[in-house]
Amino acid sequence: MKRKITAIICCAVLAAGMLAGCGRGADKTETGQTGESGKKGQVVVTMPVTSEPEAGFDPAYGWGAGEHVHEPLVQSTLTTTTKDLKLGKDLATDYSVSEDGLTWTVSIRDDVKFTDGEPLTAEDVAFTYNNCREKSTVNDFTMLKEAVATDGTTVEFHMNRPFSIWPYTMAVVGIVPEHAYDESYGQNPIGSGRYIMKQWDKGQQVIFEANPDYYGEAPKIQKVTVLFMEEDAALAAAMAGQVDVAHTAASYSSQEIDGYGLLAVQTVDNRGFNLPCSEPQEKDGVTYGNAFTSDINVRRAINIGIDRQEMIENVLAGYGTAAYSVCDKMPWYNEECEVAFDREGAKKLLDDAGWTVGSDGIREKNGVKAAFTLMFSSGDSVRQALAEDTANQLKELGIQVTTEGVGWDTAYERAQSEPLVWGWGAHTPMELYNIYHTLEGTGIGQAEYSPYANETVDSYMDQALEAGTAEESYELWQKAQWDGSTGITQEGDIPWIWLCNIDHLYFVRDGLKVADQKIHPHGHGWSIINNVDQWAWE
Amino acid sequence: MKRLNRRQRVLLGLGVSVVFLILICVAGILSGEAARVTDFSRKNLAPCGKYIFGTDWLGRDMLARTLKGLSLSILIGILAAAVSAVIALVLGVASAVMGKWVDEAITFVIDLIMGIPHILLLILISVALGKGLKGVIVGVALSHWPSLARLIRAEVMQLKESPYIQIAEKLGKSRWYIARKHMLPHLLPQFLVGLVLLFPHAILHESSITFLGFGLSTEQPAIGIVLSEAMKYLITGKWWLALFPGILLVVIVVLFYVAGESLRKLLDPGSVHE
């Protein structure tokens, strides 16, 4: 008995000793011992482990595209997005669309070579897109019928339906060489981009080196090492001086690290929650709709009853901006989405709609309690904190919110009847379409992720896709949000509540000048090194 | 002060641990609401007079969370250990009483389950049942019985050879009559001690799989959740988030162990000399 207790105590002491040992080990490591960090012309950058591309650096399997869109670095793209998220050109010298919107013609540069010395031709472009159309599960290519190279420098995209924002798709698809493409391409990518992928130690790091034959401005940073690690490990790495840029979270932002400064990058990486707009009904064993949030006045009250600024201070230590839509600050954003915080106004809305405060302080109407469960993905501390703060704030309005951590395996289905904290934000207006446009065959005739349907909103988005060019479509996307009489804003149907855009935070070593960033999309990973070629050491 | 004799020391150990465990349970039940209340105006406070265990990044009182988490663990432990012990008793007795074929089958299952690492089996069962409270309880209950079952089986085997059982058999008493009337009373002490000694295992395993993310849901103040959340903040120097809950978890486990061992010494004095 005594011996066993002694054994337990010994184990505890041993474990404590081991932990302390680890800590000391990290402290001892001197700056730059890993070789590259802190050296001129090289950078070491950390990213979340989830940023590591599972299927490698193949655009057909999501590299650069999908939910966490970014520039593919190893490959070139036809177009690019500029700092204000308008369109620029990379390989393309010119592009145009036919009257009916069904044919895009793109001319490309003739002086570009892949890193294996072969020239990049229109054939490669056509091959890349046809390959993506067949294989891509991450990006939607259903609008593309076929890509055809008409000569060495011209490629035509024949579409199944008009798709005015096609240039935004062209900005994320990296062009792969037809002659060097096989199933293992993702592991050994050959491209024509600014960098060459030199080494990939799975689960640990990727090393890129500058492409000496790059057709554009030569990269200033010759070698980029990307380390995959959790935020706490990244913080430890920065404290030990082993990395130049360490991604971090608001909860660590108050840490002071000698030799490092905090960089906050504005984003459209938003967090918000859906409010199912229909009365609850069963279909195929899934409940769609929610008795409480189906009342439009409830949704309006929640939207103006949340103090976003206080939430940003509470949860994000001030590192964020209030969000009013899924596309704040994008060229297709409609400023009508913005609302002012008005708790009294929110209470009045609820009072007028017949939601009276009961003896327990919770409102009620015709036997329906003013209550819902707000779900968040388990393990995401920011979403959890946002959910908790939402619950606290809505309690002031007489609405009872219970928070619950859920896994993604059940979250999508449950979100059809209960609000869930989501994260969105991409460099394409398709994000609006994905959230608000009805999708054939989904649920009870509704948008994909939460019961909502509005024919007018749908029709503006359909028109936007049929508009001639992306630039012409911006206004229609804005009208889909609010056209003066209907939409998805406070005065409209308000089927989603947007809370905040989360600044992406990084500890950056003093002396490293990180080039100006465009507004980051959802995902705290690759976006930071979109323009790593323009970074500089001072 | 007069020195206590061994029996008194054992009784004292048993009494203190049981009282302490009950106190934790009651405190946990009372602090249920407080454990979930978030208040951003008091977040990340180090231990002080008002919050003696400090607060976390959502401004939740760590004392309330720790107590609630431990009481949750104790309740899960008791429930799971009880179910597990009953399974062990039934299978142990059946194995010894119901003939060779049944014995071989049960022994095989015992070996099979003991061959799989506990934690792996637990994760499998818990995930298959959709995690949450149910998954954890069923998981712990279904993975902890083999060692006790084996112990009981051995005991029954031994009993079967004893003269009074053999005489009862000769008198034509049925197997179940013998098992019920002659064996169960004899097995009770072993069973009780085994049951109590299952608690610490059950509690540790519950917190382990919750810590690993396969157990209770994040918003529940379970001790595994408290500890895994604390891990993220250790690097920023918030030592209180992990230290107090961790120490208390160890204390609880040790207390259950003390209680179990004391019970064994009371019920089976001979074992002291082993």
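User: Let's start with B:Arg9: how does B:Arg9 count, buried, exposed or partly exposed, and why?
Analyst: Please keep in mind that this is a predicted model. B:Arg9 counts as partly exposed because 13 C-beta neighbours lie inside 10 Å, and a residue would need 20 or more of them to be called buried.

User: And where is B:Arg9 placed?
Analyst: B:Arg9 sits in helix 1 of chain B, which covers residues 6–30.

User: What does the secondary structure of chain B come to?
Analyst: Chain B has 10 helices and 0 strands, and its elements, taken from the N terminus on, run α-α-α-α-α-α-α-α-α-α. Its C-alpha atoms fill a box of roughly 75 × 55 × 30 Å along the principal axes, and 45% of its 274 residues count as buried.

User: Among contacts between residues at least 6 apart in sequence, what share in chain B joins residues at least 24 apart?
Analyst: For chain B that share is 68%.

User: Let's zoom in on helix 6 of chain B: which residues are buried there?
Analyst: The buried residues in helix 6 of chain B are B:Pro146, B:Leu148, B:Ala149, B:Ile152, B:Arg153 and B:Val156. Looking down the axis of this helix, they fall within an arc of 155 degrees, so they line one face of the helix.

User: Why would residues a few places apart point the same way?
Analyst: An α-helix has 3.6 residues a turn, so residues three or four places apart point the same way.

User: What covers the buried residues of helix 6 of chain B?
Analyst: The covering elements include helix 2 (62–97), helix 3 (100–115) and helix 8 (175–211) of chain B. As for its length, helix 6 of chain B runs over residues 146–160, and its 15 residues reach 21 Å from first C-alpha to last, close to the 21 Å expected.

User: How do the axes of helix 2 and helix 8 of chain B cross?
Analyst: The axes of helix 2 and helix 8 of chain B come within 7 Å and cross at roughly 145 degrees, and helix 2 of chain B passes helix 8 of chain B in a right-handed crossing. By class, the contact between these two helices has 19 nonpolar, 5 polar and 2 charged residues.

User: What do the buried residues of helix 5 of chain B pack against?
Analyst: They pack against helix 2, helix 3, helix 4 (118–128) and helix 8 of chain B. Among the buried residues of helix 5 of chain B are B:Gly135, B:Val136 and B:Ile137.

User: Switching topic, how many residues of chain A are in contact with chain B?
Analyst: There are 22 residues of chain A in contact with 14 residues of chain B. On the side of chain A that touches chain B, the elements giving two or more residues are helix 1 (2–28), helix 4 (231–239), helix 8 (381–395) and strand 21 (400–406) of chain A.

User: Which of those gives the most?
Analyst: Helix 8 of chain A gives the most to that side, with 6 residues. The residues of the side of chain A that touches chain B divide into 8 nonpolar, 10 polar and 4 charged.

Notes
Residues are numbered from 1 along each chain as its sequence is written. Chains are lettered from A and ligands numbered from 1 in the order in which they are written. This is a predicted model: local features need pLDDT of at least 70, side-chain atom pairs count only at pLDDT 80 or more; totals for chains, interfaces and linings use all residues. Helices (H or I, at least four residues) and strands (E, at least two) are DSSP runs, numbered from the N terminus. The expected span of a helix is 1.5 Å times one less than its number of residues. A residue is buried if 20 or more other C-beta atoms lie within 10 Å of its own, exposed if 12 or fewer, and partly exposed in between; C-beta atoms are placed from the backbone. The arc is that of the directions from the helix axis to the C-beta atoms. Two residues are in contact if their C-beta atoms, placed from the backbone, lie within 7 Å. Axes are lines fitted to C-alpha atoms, for helices over the stretch in contact, and angles run from 0 to 180 degrees between N-to-C directions. A crossing is left-handed if the near helix is turned anticlockwise from the far one by less than a right angle, and right-handed if clockwise. Ala, Val, Leu, Ile, Met, Phe, Trp, Tyr, Cys and Pro count as nonpolar, Asp, Glu, Lys and Arg as charged, and the others, Gly among them, as polar.
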